[in-house]
Amino acid sequence: MSAPSPTAVPSFRGRIGCDARSGYYAAPHRYRLHLSPSCPHCLQIAVTHSLLGLEDALPVTLLPAVPDAPDGGHTALRALYEASSHQHPGPAAAPVLSDGWTGTIVSTHTPGILRDMVRRFGGDGPDLVPPGAEEEIEALARFGEQGITAAAQRGGRVEATAAERDAALATLLSTLDSLEERLAAREYLLGAELTLADVQLWVTLVQLDTVHRHHLDVAAVHRITDHPVLWAYARRLAARPAFGPHLDLDGIARRHHAHCRGKEAAGSAVQIVDWAAFTRRRTPEAG
């Protein structure tokens with residue numbers, strides 16, 4: 001099981017408004033994203049950034065896969081944190097949306113960053129949060145977080161009893177069953193069009209296969225694998241240019257091993273998706 005992410009409790013929740021009266025408002029090249037794609041929160045943002053075609057308007061600085069500060073943060077972000085909050089008590093964690101005009105942090109809150117990218121920066125990509133769909137997208141994100149990520153973490157805890165592991169696995173499989181049924185009737189989670197819900201679920205499935213699987217037994221992983229529609233959906237998204245190329249499989253593995261508190265189980269040998277088939281080498285951009 002991995003240690004809790006330092007981004008679990010965000011420190012900054014600024015939002016981008018629609019005009020100059022809002023303080024923070026969308027302007028080309030004013031803001032910058034600081035991302036470590038080995039982090040699932042950062043991976044969601046990186047995929048969304050590519051889908052929206054924001055490479056020019058909203059530049060990205062890529063950070064090391066494994067945070068390099070003793071407190072679990074990134075040394076490259078410490079100056080931004082200190083400029084934004086004097087003697088900031090926590091780690092300088094990613095993701096970060098920074099404001100180049102003030103040299104401070106706007107937000108470290110992934111849901112807010114994602115929605116501001118969609119609503120305020122526009123771009124040439126799909127409408128990832130269609131009118132009237134925001135509540136359903138948020139509900140699906142909670143469903144995946146609780147039913148997949150949290151359940152898989154509970155199921156892989158070394159100190160968990162057999163009954164606790166069985167209950168966690170039952171929750172995980174029930175969630176996957178529900179998603180399998182949903183995707184059997186439609187191309188994407190909300191219907192015929194890709195939305196932010198698909199980005200979030202895809203990253204959750206990546207984490208299930210590349211991280212959480214390592215702490216489950218073979219029988220559990222085989223039952224997880226037995227959702228052909230769901231995993232075909234994951235592969236189909238991975239094949240898109242905005243998805244698979246952002247995968248840093250080596251970085252995910254190194255980040256996991258750096259923070260892992262659990263023991264590897266036999267399920268680690270049963271890979272569900274050949275994610276490497278969808279990646280290409282990415283070069284970090286200069287800050």
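Strand E1, which spans residues 31–35, is mostly covered, since four of its five residues are buried, where buried means under 20% relative accessible area, with exposed over 50% and partly exposed in between, using a 1.4 Å probe and protein chains only. The strands and helices I name are DSSP runs numbered from the N terminus, with helices (H or I) of at least four residues and strands (E) of at least two. Please keep in mind that this is a predicted model, in which local features need pLDDT of at least 70 and side-chain atom pairs count only at pLDDT 80 or more, while totals for chains, interfaces and linings use all residues. Residues are numbered from 1 along each chain as its sequence is written, and side-chain values use heavy atoms, with hydrogens and water left out.

Which strands does E1 pair with? Two strands count as paired if DSSP finds at least two bridges between them. E1 runs antiparallel to strand E3, residues 96–99, with four bridges joining them, and Leu33 of E1 faces Leu97 there. With strand E2, residues 60–62, E1 pairs in the parallel sense over three bridges, and here Leu33 stands opposite Val60. Between E1 and E2 the chain passes through helix H1, residues 40–51, in a β-α-β crossover that is right-handed, a term which says that, with the strands pointing away from the viewer, the path from the first strand over the helix to the second runs clockwise.

Let us step back to the whole sheet. It is open and has four strands in the order E2-E1-E3-E4, with mixed pairing. Because E2 and strand E4 (104–107) stand at the edges with a single partner strand each, one side of each is left without a neighbour in the sheet.

Now to helix H8, residues 228–238, whose buried residues are Leu230, Trp231, Tyr233, Ala234, Leu237 and Ala238. Why do these sit on the same side of H8? They cover an arc of only 150° around the axis, so they share one side of the helix, the arc being that of the directions from the helix axis to the C-beta atoms. In general, an α-helix has 3.6 residues a turn, so residues three or four places apart point the same way. Helices H5 (162–184), H6 and H7 (218–225) are among what covers the buried residues of H8, with contact meaning heavy atoms within 4.5 Å.

Helix H9, residues 249–259, has Gly251, Ile252, Arg255 and His256 buried. Seen down the axis of H9, these fall within an arc of 130°, so they line one face of the helix, and what covers them includes helix H6 (196–210).
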